Amino acid sequence: MDMNGGQALIKALELEGVEVIFGLPGGCILPVYDPLLDSPLRHILVRHEQGAGHMAEGYAHVTGRPGVAMVTSGPAATNIVTPLCDAYMDSIPMVVITGQVPTGAIGTDAFQECDTIGITRSVTKHNELVTSAQDIPRAVREAFHIATTGRPGPVLLDIPKDIVDPKNPNSAMNWHWPTDQEVRDGLPGYKPNMKGHPRKIREAAELILASDRPVIYAGGGILKARAAEALKELAELCDIHVVTTLMARGSFPDDHPLCLGMPGMHGNYSAVTSMQRSDLLIALGSRFDDRITGRVGAFAPEAKIIHVDIDPAELGKVRRPDVPIVGDCRLVIEELIGAIRHLLDGGAAFPERSPWKQTISGWQEKHPLSYKQSEPGDALKPQFVLEQLRDNTPDDCIVASGVGQHQMWTSQYWKFNHPYTWVNSGGLGTMGFAVPAAIGAKVGRPDAMVWAVDGDGCFQMTAQELVTAAAERIPVKIAILNNAYLGMVRQWQEMFYEERYSEVYLSPDLPDYKLWAEAMGCVGMRVEAPEEVESAIQKANEIDDRPVVIEFRTDSSEKVFPMVPAGMSNDDIITDPALGEGFVQ
Amino acid sequence: MTMPNKHHILSVTVVNKAGVLARLSGLFARRAFNIYSLAVAPTEDERYSRITIVVDVESTPLEQITKQLFKLIDVVKITELDPSDAVERELLLVTAEAPPAVRSQIIELVDVFEGRILNVGHERLTMSLEGHPDKLDDFEELLRPYGIVELQRTGRVALPKIDNSAARLRAVKNA
Ligand SMILES: Cc1ncc(C[n+]2csc(CCOP(=O)(O)OP(=O)(O)O)c2C)c(N)n1
Ligand SMILES: [Mg+2]
């Protein structure tokens, strides 16, 4: 017996290349926090376990490496359920370690016991109750392997106290670090399919060569597969426009002439309508989410579908593809490029697509994103703030966001020209994501400038993590778009509930965001006039030793447009009524 | 207890460890699909168990469910067995009212079905019957008028038929 389980757990994390753990200790995980003192692993002490989970996600978003969080049993485990679900929905690689009551006490309603495995089963890619110290290195290796391969996702290890506590004989173990082969043998049911089927690739190439109105529908899978370069090559080779979903922003540069930007419920007119009118959708790592398709039956009615995803369960889940391809997006795109080149070399040619391209540029000219600038003395327009922020930050600035109107405006108005610069909660739509995720992102990319754009509602859910950031000297910058409302809900009540506002008002002054920021060790600023916006941003950019919070007082009545109301066809896209089109429900 | 019309038999090979059944049944429960019957036991290879699940769903949601099952790390193989290409067996235990006046009729019934009498009381008999689930249905039907006190069926287990298994089996997951 050369080691105890707690030491083994820490050593295993070190061997997995972990550099930082986000966490907060407590009774059952205590024995693991002790050997942590002797380890080079960095630990960031959060103020709430939800923060640890979102930080790990933010870290994973920008680095591509798995984020790691460690918390104790019971309430700490339940506190981290939301980030687990968030990571599961957005396929974020993450390993979460939870303490558990000693094996002998499991099932007795012991103090701070909860059925963590049962609770998290449906929000993790995999989870395991580790029952013996000897199993710890294997469990850790498997957890990282599962979290990072195939379709990435969160994996949870539940660790009973006795197997890590040196005072308990159950913690004795002999160190053995499993080989790759042992890991594979231990997981006979797990063999993600990486390479696409050659016949399907050929069929896809033929469809692309036959299509008059093709659109590439790029999803988050492009980023997970590190396929941005390959995507660009494919789009340029075939001269096909690309839409980037909320999860794929940055996977194809917004300043590229073939980029159409974001489709979906709040997508821009050209992106939404090109998909609707296309005769071939090339779905790459995207999943036909309801926020993209609108009413499924009316979605892209004339389009054939090529659907590439590493997860076979996505193919045919919503829309049956004409050519389904299971595989890693990067490998499949590269194979597809090869197949298309082969056909081109053999004398094949793309059809004349200039009418389609003209149609698209016509839409782009007629329906640009737009808003009405505020009159002097009126409240700031949120879109104006975002334009200023975009224009006064480096091109590769990382931006995180919360969930609501501010999130949609950020995705719309930001120019994403680099992959891994957009950190957001897409699938679950988790309010409170921005602050901790931005902190995790900054930890992962200390060289990059990191801004979070947050709503006043969202900010109040996880702002306490700015204490963590101040204590750890993690200089994130937060722009609160304070519209004094749960704005997105207010927008729905205005549009679909006859302006009957129910429980959406938050007050612009309560809390005092500037004072609150200062109390948390941040620099706090408040901006109310358009001419102050730029200088405040500049000032924030210069602060590099602590977090900064700027509260922008924005127009409460501003709504996000365009909009495809929930459950309606994408043909019924509404552009801003204030800009003349008129809103008819 | 007659079989639903659109029943599907899934034969799922899983790693033999704690919690696998909960993962599996959770996927059905999430979609509010009722599992009609379920049988779990170790296979010829002690590392694995085979779970035979009978469900009553349309094919499309079933395809989605099978793909979701396939994603479970502990699921090694899934085969959907077409009832016409499978050998199916089930075991039934039943205690029925069998007063002396009708006892010989019941014993005759058990004989015809090649069942066995396991336990004899003054007024009751406990019997077992093994066979194709349809045969068990018939037996149950015929026994019912005498008065069934308690009945327990195991749920079906199934394996592909040997002669045509290669051609007609639809392997959904094959590791
Ligand atoms: C945890 C959570 N609770 C509730 C919601 C529903 N919801 C979506 S957007 C929104 C309003 C967000 O308000 P705020 O942060 O002020 O952003 P705004 O829309 O005003 O920009 C709410 C309540 C959610 N997405 N997440
Ligand atoms: Mg708000």
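In this predicted model, the residues of the shell around ligand 1 comprise seven nonpolar, eight polar and one charged. Of these 16 residues, those that come nearest to the ligand are Gln405(A), Asp456(A), Gly457(A), Cys458(A) and Gly487(A).

Polar contacts to the backbone of chain A involve both nitrogen and oxygen atoms of ligand 1. A nitrogen atom of the ligand lies 2.9 Å from a polar backbone atom of Gly429(A). An oxygen atom of ligand 1 is placed 2.7 Å from a polar backbone atom of Gly487(A), a residue that is also among those nearest to the ligand. For Met488(A), the distance between a polar backbone atom and an oxygen atom of ligand 1 is 2.9 Å. On its own, ligand 1 has 590 Å² of accessible area, of which the protein covers 75%. Two or more residues of the shell are given by each of the elements α17 (405-413), α19 (456-462) and α21 (487-496) of chain A.

Elsewhere in the description of chain A, a pair of helices was examined. Helix α12 (residues 269-277) of chain A packs against helix α15 (residues 354-366) of chain A at an angle of about 150°, and their axes are 9 Å apart. The crossing of α12(A) past α15(A) is right-handed. On the side of α12(A), the contact is made by Tyr269(A), Ser270(A), Thr273(A), Ser274(A) and Arg277(A); these residues meet Trp356(A), Ile360(A), Trp363(A) and Gln364(A) in α15(A). Classified by residue type, the contact of α12(A) with α15(A) contains four nonpolar, four polar and one charged residues.

Notes. Residues are numbered from 1 along each chain as its sequence is written. Chains are lettered from A and ligands numbered from 1 in the order in which they are written. This is a predicted model: local features need pLDDT of at least 70, side-chain atom pairs count only at pLDDT 80 or more; totals for chains, interfaces and linings use all residues. Side-chain values use heavy atoms; hydrogens and water are left out. A residue is near a molecule or strand if one of its heavy atoms lies within 4 Å of it. A polar contact is a pair of N or O atoms within 3.5 Å; within protein, one must be able to donate a hydrogen and the other to accept it, and residues adjacent in sequence count only if both atoms are side-chain atoms. Accessible areas come from the Shrake-Rupley method with a 1.4 Å probe; for residues, only the protein chains shown count as cover. Helices (H or I, at least four residues) and strands (E, at least two) are DSSP runs, numbered from the N terminus. Ala, Val, Leu, Ile, Met, Phe, Trp, Tyr, Cys and Pro count as nonpolar, Asp, Glu, Lys and Arg as charged, and the others, Gly among them, as polar. Axes are lines fitted to C-alpha atoms, for helices over the stretch in contact, and angles run from 0 to 180 degrees between N-to-C directions. A crossing is left-handed if the near helix is turned anticlockwise from the far one by less than a right angle, and right-handed if clockwise. Contact means heavy atoms within 4.5 Å.
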